[in-house]
Amino acid sequence: MGWRARATGLPALDGQAAAALDRLAPMEVPAGAVLFRPGETVKGFVIVLRGRVEVYLTGLSGREILLYEVTPGQSCVQSTLGLLGGEDYSGEAVAVLPSEIVLVPRDTFLRLMDDDPGFRGFVFAAFAARLQSMMHLLDRVAFQRIETRLAQCLLARATGGEIKATHAEIAVMIGTAREVVSRRLDALARRGIVALARGQVRIVDAGALREIADLAG
């Protein structure tokens with residue numbers, strides 16, 4: 001079975017489907033590598049075995065927003081849309097951790113979608129989950145206060161109470177401008193909720209930050 005045994009969520013396949021996937025070799029992707037850029041043709045369906053890939057969308061103003069992350073068991077909606085609908089990539093994908101991926105070529109992907117119900121179910125289930133997360137992103141960006149989104153981001157990203165990220169990187173994560181993030185972080189620091197250092201935010205009062213994260217509207 002090889003790499004398929006490590007592919008989170010991939011169902012047990014047999015016959016031609018299993019043989020087609022077993023012929024594919026996993027690829028090591030270093031942190032910082034760009035997997036695709038806007039305007040490029042979709043070459044295949046990405047299965048992440050290890051690591052994390054982030055997909056960004058850049059507006060005409062040059063501002064970026066983090067659309068979603070692809071971790072083991074998750075799908076890249078940009079790739080699925082491109083393979084099924086023939087559209088080019090509109091976002092940019094970057095491996096933020098050393099990653100291991102398998103690229104299922106277009107012809108193989110389409111053949112498996114036609115011939116194997118198990119593979120087809122895996123793709124559509126992952127696609128549906130990704131679309132649901134995109135709807136949550138739209139809800140947050142459109143309707144949630146900046147402070148709420150910022151607090152949620154800090155709590156979700158913290159490791160040992162610290163977030164190693166610049167203000168610009170946090171702005172991309174929550175879909176706003178760097179200047180806005182800087183002002184909000186300064187306000188939180190003045191209240192003693194966080195402490196700021198270059199490229200780092202330390203959570204001082206997690207309880208107060210959770211209260212902000214739970215605010216509606």
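1. Let me start with what surrounds the largest pocket: by class, its lining has nine nonpolar, five polar and five charged residues. Please keep in mind that this is a predicted model.

2. The volume of this largest pocket comes to about 460 Å³. Its lining counts 19 residues, and those nearest the centre are Leu66, Leu137, Arg140, Arg157 and Met173.

3. Where does the lining of the largest pocket come from? At least two residues each are supplied by strand S5 (64–70), helix H4 (117–143), helix H5 (146–157) and helix H6 (167–174). H4 gives the largest share, with six residues.

4. The second largest pocket is worth a visit too, with about 340 Å³ of space. It is lined by 13 residues, of which Arg157, Lys164, Ala165, Glu169 and Met173 are the closest to its centre.

5. The largest share, three residues, belongs to H6. By class, the lining has seven charged residues, five nonpolar ones and one polar one.

6. Now to the open sheet of three strands: the order is S1-S7-S3, and the pairing is antiparallel. Strand S1 (27–29) and strand S3 (44–50) are the edge strands, each pairing on one side only. On average, and with direction ignored, neighbouring strands of this sheet are turned by 40° against each other.

7. Zooming in on one pair of that sheet, S3 and strand S7 (residues 99–105) are joined in the antiparallel sense over six bridges. Within this pairing, glycine 44 stands opposite proline 105 of S7.

8. How many disulfides does a search of the whole structure find? The count is zero. For a pair to count, the cysteine sulfur atoms would have to be within 2.5 Å.

9. Finally, are cysteine 76 and cysteine 153 buried or exposed? Cysteine 76 counts as buried because its relative accessibility is 5%, and the cut-off for buried is under 20%. Cysteine 153 has a relative accessible area of 10%, so this residue is buried as well.

Methods. Residues are numbered from 1 along each chain as its sequence is written. This is a predicted model: local features need pLDDT of at least 70, side-chain atom pairs count only at pLDDT 80 or more; totals for chains, interfaces and linings use all residues. Side-chain values use heavy atoms; hydrogens and water are left out. On a 1 Å grid over the protein atoms alone, a cavity is a set of points where a 1.4 Å probe fits but cannot get out, and a pocket is an open set with protein on both sides within 12 Å along at least five of seven lines; lining residues have an atom within 4 Å of a point. Grid points are joined across faces, edges and corners, and a volume is the space filled by probe spheres set on the points. Helices (H or I, at least four residues) and strands (E, at least two) are DSSP runs, numbered from the N terminus. Ala, Val, Leu, Ile, Met, Phe, Trp, Tyr, Cys and Pro count as nonpolar, Asp, Glu, Lys and Arg as charged, and the others, Gly among them, as polar. Buried means under 20% relative accessible area, exposed over 50%, partly exposed in between (1.4 Å probe, protein chains only). Two strands pair if DSSP finds at least two bridges between them. Axes are lines fitted to C-alpha atoms, for helices over the stretch in contact, and angles run from 0 to 180 degrees between N-to-C directions.
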